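Hello,

Here is the structure I said I would pass on. Please open it first, then read the notes below.

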Amino acid sequence: MPRVTNAQSHFVPLPDQAEFQAHVQEFYWCAGNVVKGLARQNLVYANEQLNRFVRPELFVLLAMRATIQQAGQFDAGVTGKFIETTLSETEKAQLAATYQQTSLAETKMSLLNILTFYRVVSEQLSRDQEMMRPIMITKIYQQFNDWLSV
């Protein structure tokens, strides 16, 4: 018999330090794969890494922020469909800008937009929730900027 569900059974749990750090590390690891795809001029690989791994980690971070703001009472919905309602108009535009990926140049800009958005939100959560971001973040940003010639 199927499990009975309700909104509460789908609430995003409040993140702890270990979960926060694990997701931040996963985000940057996968973003590095997008950078590699761009460097190798492989649009399909870069886009698939961005779509399957990097943007979903942005959604995880946004869901963490929303559940913190709502005291653990936030349901992100299937594929994050309820996250958009928690975003400011500026953030909605930032998120929309990550979906332009028909060329290497557009995918690069989408990645840069995601990196900027992720950095702002992760720094906010780190500061507000007193959670530490991995110390390797500064070095990773320097590497990405070098590799992407930013």
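**Pockets, helix packing and confidence**

The largest pocket holds about 240 Å³ of space. This comes from a predicted model. Lining that pocket are 16 residues, and Pro56, Phe59, Val60, Gly80 and Ile83 are the closest to its centre. Two elements give two or more residues each to the lining: helix 1 (17–39) and helix 2. Helix 2 gives the most, with seven residues. By class, the lining has 10 nonpolar, four polar and two charged residues.

The second largest pocket has a volume of about 200 Å³. Its lining includes Trp29, Asn33 and Lys36, along with Ile140, Phe144 and Trp147. Helix 1 and helix 5 each supply at least two of the lining residues. Here helix 1 gives the most, with six residues. The classes are six nonpolar, four polar and one charged.

Now the helix packing. The axes of helix 2 (residues 43–69) and helix 4 (residues 104–129) come within 10 Å of each other. They cross at roughly 25 degrees, so helix 2 is roughly parallel to helix 4. The crossing is left-handed. In this contact, 16 residues are nonpolar, six are polar and three are charged.

Last, confidence. The mean pLDDT of the chain is 91. Of its residues, 96% reach 70 or more. Among the elements, helix 2 has the highest mean pLDDT, at 97. Helix 5 (residues 137–147) has the lowest, at 84.

Best wishes

Methods:
Residues numbered from 1 in each chain as written. Predicted model: local features only at pLDDT ≥ 70, side-chain atom pairs only at ≥ 80, totals over all residues. Heavy atoms only, no water. Axes fitted to C-alpha atoms, helices over the stretch in contact; angles between N-to-C directions. Helix = DSSP H or I, 4+ residues; strand = E, 2+ residues; numbered from the N terminus. Parallel < 35°, antiparallel > 145°, perpendicular 65-115°, else oblique. Left-handed = near helix turned anticlockwise from the far one by under 90°. Nonpolar A, V, L, I, M, F, W, Y, C, P; charged D, E, K, R; others polar. pLDDT = per-residue confidence, 0-100. 1 Å grid on protein atoms, 1.4 Å probe; cavity = no way out; pocket = protein on both sides within 12 Å on 5 of 7 lines; lining within 4 Å. Points joined across faces, edges and corners; volume = space filled by probe spheres on them.
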